[in-house]
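Hi,

Here is the structure I promised to pass on.

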Amino acid sequence: PEYEGEFGCAVRTFLHQKVFDPVTERIVPLAAFPADVDASQMDYLGRDLPEDVVIKVCTGRADPESFEPFEELGKETPCTVKPSPTGTPRSSRSKRALPIQKNVILNYITRPSEAAQKPFKPPFKDSSSSEKVVSPSPPINTNVDSIVATYTDSLHTHSPP
């Protein structure tokens, strides 16, 4: 019983995780809650944050852990430059000449064969229809009780050897 309850929480967390909607600039559940579910009772989905904090964090203007705003891009920040060990600036030092490499990736790239340059022809053609029929994907099952029941039934039917 305890395991099934925790598994149900995990399924609900996966189905109804909180995501940022950039159009409305709000945190919304990934999938809508069923009518018989009280979302306020699901504290395991995460705490609600003030709207201004949500916008700052989700648009990259505030730290997601401390909620402190990041520094503005135009501001100057003091920094110290360590002198190089030789005493000369790095940009004025001469660059070392590197040996020419013989085993480079370009040695392994060849021109495509004549067969590879021909247009692709499928091995057979469907004569009944010239258009490809795409079947719609089935709707996502958001009924947590049926997901938990299906999973626990599969546990009971597949016992270890």
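Below is what turned up for a few residues.

Some housekeeping: this is a predicted model, where local features need pLDDT of at least 70, side-chain atom pairs count only at pLDDT 80 or more, and totals for chains, interfaces and linings use all residues. Residues are numbered from 1 along each chain as its sequence is written, and side-chain values use heavy atoms, with hydrogens and water left out.

Let's start with R12, which sits in helix α1 (residues 2-15); helices are DSSP runs of H or I with at least four residues, strands are E runs of at least two, and both are numbered from the N terminus. R12 counts as buried because its relative accessible area is 19%; buried means under 20%, exposed over 50%, and partly exposed in between, using a 1.4 Å probe and protein chains only. Not counting residues up to four places away in sequence, R12 touches G5, Q17, M42, Y44, L45 and V144 (contact means heavy atoms within 4.5 Å).

Next is I27, in strand β2 (residues 26-29). With 36% relative accessibility, I27 is partly exposed. Beyond its neighbours within four places in sequence, I27 contacts K18, V19, F20, V54 and C58. D48 lies 21 residues from I27 in sequence, and their C-alpha atoms are 8.5 Å apart.

Finally, Y108 is in the loop between α2 (51-58) and α3 (114-117). Y108 has 59% relative accessibility, so this residue counts as exposed.

Cheers
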